[in-house]
Amino acid sequence: MADDTDLLRRFSEGDESAFDSIVKLYHERVFQFVYRVLSDFDDAADIAQETFIRAYDKLGQFKGRAGIYTWLYRIALNLSINCLRKRKLRTMVGLDEAPPAALKSSLGGPESDLDDSTTRGRIERAVAELPTRQRSIFILRQYDGLSHGEIASVVGTSEGAVRAGYFHAIRKLRNSLADLVEMDNSTEEVGFRADEM
Amino acid sequence: MKCSERAVLDFLEGILRPEEEGILTSHLAACTTCSKRLADFQKTLQLTSKIQPPSLTQLHANSVVPRVRSQLARRDVGSGTSAGWRRLWAPALSGAFGSAVVVVSLFWVFDWVPGESHLSTGIAEINTWPVGDSGSDGPAAIFVNQFDTGEDDMVSSTDLALQMEDYLMDTAAGSELFEVVDTFVFNDDDFYNLLETY
């Protein structure tokens with residue numbers, strides 16, 4: 001499989017298929033990251049696609065000092081933040097009546113009772129309720145395994161701020177999930193996908 | 001050593017220096033509070049690690065490249081350019097466009113900003129600008145109005161400035177860039193960064 005440097009070189013030389021390879025290589029990863037940030041399948045699919053369209057024009061200028069995926073994550077995160085902002089605005093002015101399914105539990109109502117009855121619902125809700133920056137940092141560290149330095153590049157902050165954000169995120173999650181954390185055998189009860197409703 | 005939740009998490013993350021790690025290991029052996037914290041953090045991470053996002057279907061995954069290509073082509077038809085043309089000329093055009101925007105904006109800024117101090121401040125000094133005061137229409141207030149998501153981690157002026165920079169660096173198309181520059185006031189450093197970027 002071609003590495004990032006090779007793909008960038010080929011693209012800068014006019015080989016359009018190198019861009020297609022980058023899309024194939026990183027699309028799923030970008031989609032999963034955006035899904036975890038937004039908790040909405042359709043928005044995540046749209047933004048993952050838009051990320052590569054935005055990346056296309058500037059890929060030739062990308063120096064390759066960091067991995068392509070960190071740069072793609074950065075674009076995806078900015079698009080996700082814009083999406084959250086628009087979503088919040090639409091909710092405020094009453095244009096959006098139904099919030100994304102995974103977030104329903106945080107807003108009350110019958111669905112939340114259903115979601116709250118499952119461990120998965122509780123955990124998803126706890127992560128979704130983290131402030132955006134903390135959630136992004138937590139996701140990039142916990143699920144994508146990025147280093148503190150890489151996360152700092154994606155989020156646009158210092159490594160110290162990343163470590164602090166991660167610490168606060170974990171502490172909030174521990175408090176939100178205190179009863180599950182206390183259960184000795186809790187880790188045996190989870191292990192499911194978000195689409196297994 | 002004194003009990004520290006942060007040190008316990010840093011230990012779990014493996015980012016303590018060897019001597020700090022040794023001290024904390026001894027502390028954990030003697031302190032039930034901190035050993036409980038360590039166990040709790042580990043369980044929290046175990047719990048959250050099991051949640052998987054939904055998978056894209058194979059059909060969806062296979063159609064990603066054609067859909068991205070199709071959208072690029074639609075965009076190019078709309079603008080009367082080809083993808084290759086855009087890629088080759090976009091850097092030059094964006095440079096010219098950015099320079100024009102900076103020049104226009106400099107005039108606009110000098111005309112608009114009350115007093116010279118705002119023009120020579122560093123980004124950190126955005127913190128000293130009036131934010132959210134009644135009747136305030138200073139740059140920081142505009143930043144907050146446009147970028148404040150209402151979440152506590154997003155509202156510091158420095159963060160807002162970083163978001164602003166991110167926006168310009170990564171997601172701004174030409175028209176959006178003009179809108180942004182037209183709406184916000186930048187200090188000298190930001191103008192030079194903008195100039196370098198475009």
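This briefing describes helix packing, aromatic pairs and selected residues in the structure above.

The structure is a predicted model, in which local features need pLDDT of at least 70, side-chain atom pairs count only at pLDDT 80 or more, and totals for chains, interfaces and linings use all residues. Residues are numbered from 1 along each chain as its sequence is written, chains are lettered from A and ligands numbered from 1 in the order in which they are written, and side-chain values use heavy atoms, with hydrogens and water left out. Helices are DSSP runs (H or I, at least four residues) numbered from the N terminus.

**Packing of α4 and α9 in chain A**

- Helix α4 (residues 68-92) of chain A packs against helix α9 (residues 148-155) of chain A at an angle of about 40°, and their axes are 8 Å apart. Axes are lines fitted to C-alpha atoms over the stretch in contact, and angles run from 0 to 180 degrees between N-to-C directions.
- This angle makes α4(A) oblique to α9(A); angles under 35 degrees count as roughly parallel, over 145 as roughly antiparallel, 65 to 115 as roughly perpendicular and the rest as oblique.
- The two helices, α4(A) and α9(A), cross in a right-handed sense. A crossing is right-handed if the near helix is turned clockwise from the far one by less than a right angle, and left-handed if anticlockwise.
- On the α4(A) side, the contact (heavy atoms within 4.5 Å) involves A:Tyr69, A:Thr70, A:Tyr73, A:Arg74 and A:Leu77, which meet A:Glu150, A:Ser153, A:Val154 and A:Val155 of α9(A).
- The contact of α4(A) with α9(A) has 5 nonpolar, 2 polar and 2 charged residues. Here Ala, Val, Leu, Ile, Met, Phe, Trp, Tyr, Cys and Pro count as nonpolar, Asp, Glu, Lys and Arg as charged, and the others, Gly among them, as polar.

**Packing of α1 and α2 in chain A**

- Helix α1 (residues 4-12) of chain A and α2(A) have axes that come within 7 Å and cross at roughly 145°.
- The crossing of α1(A) and α2(A) is left-handed.
- The residues of the contact of α1(A) with α2(A) comprise 7 nonpolar, 2 polar and 3 charged.

**Aromatic pairs**

- Over all chains, the whole structure holds 10 aromatic pairs. Rings of Phe, Tyr and Trp (its six-membered ring) pair if their centres lie within 6.5 Å; planes under 30 degrees apart count as stacked, over 60 as edge-to-face and the rest as tilted.
- A:Tyr69 and A:Tyr73 form an edge-to-face pair, 6.3 Å centre to centre with 75° between the planes.
- Both A:Tyr69 and A:Tyr73 lie in helix α4 of chain A, 4 residues apart, about one turn of the helix.
- A:Tyr73 counts as buried (under 20% relative accessible area, with exposed over 50% and partly exposed in between, for a 1.4 Å probe and protein chains only) because its relative accessibility is 0%.
- The rings of A:Phe138 and A:Tyr166 are stacked, because their centres are 6.2 Å apart and their planes are at 20°.
- A:Phe138 lies in helix α8 (residues 132-142) of chain A and A:Tyr166 in helix α10 (residues 159-176) of chain A, so the pair ties together parts that are 28 residues apart in sequence.
- One aromatic cluster is formed by A:Tyr26, A:Phe33, A:Tyr69 and A:Tyr73.

**Buried positions**

- In α8(A), 10 of the 11 residues are buried, so this helix is largely enclosed by the rest of the structure.
- A:Ser39 has a positive phi of about 60° although it is not a glycine, and A:Ser39 lies in the loop between α2 (16-38) and α3 (41-58) of chain A.
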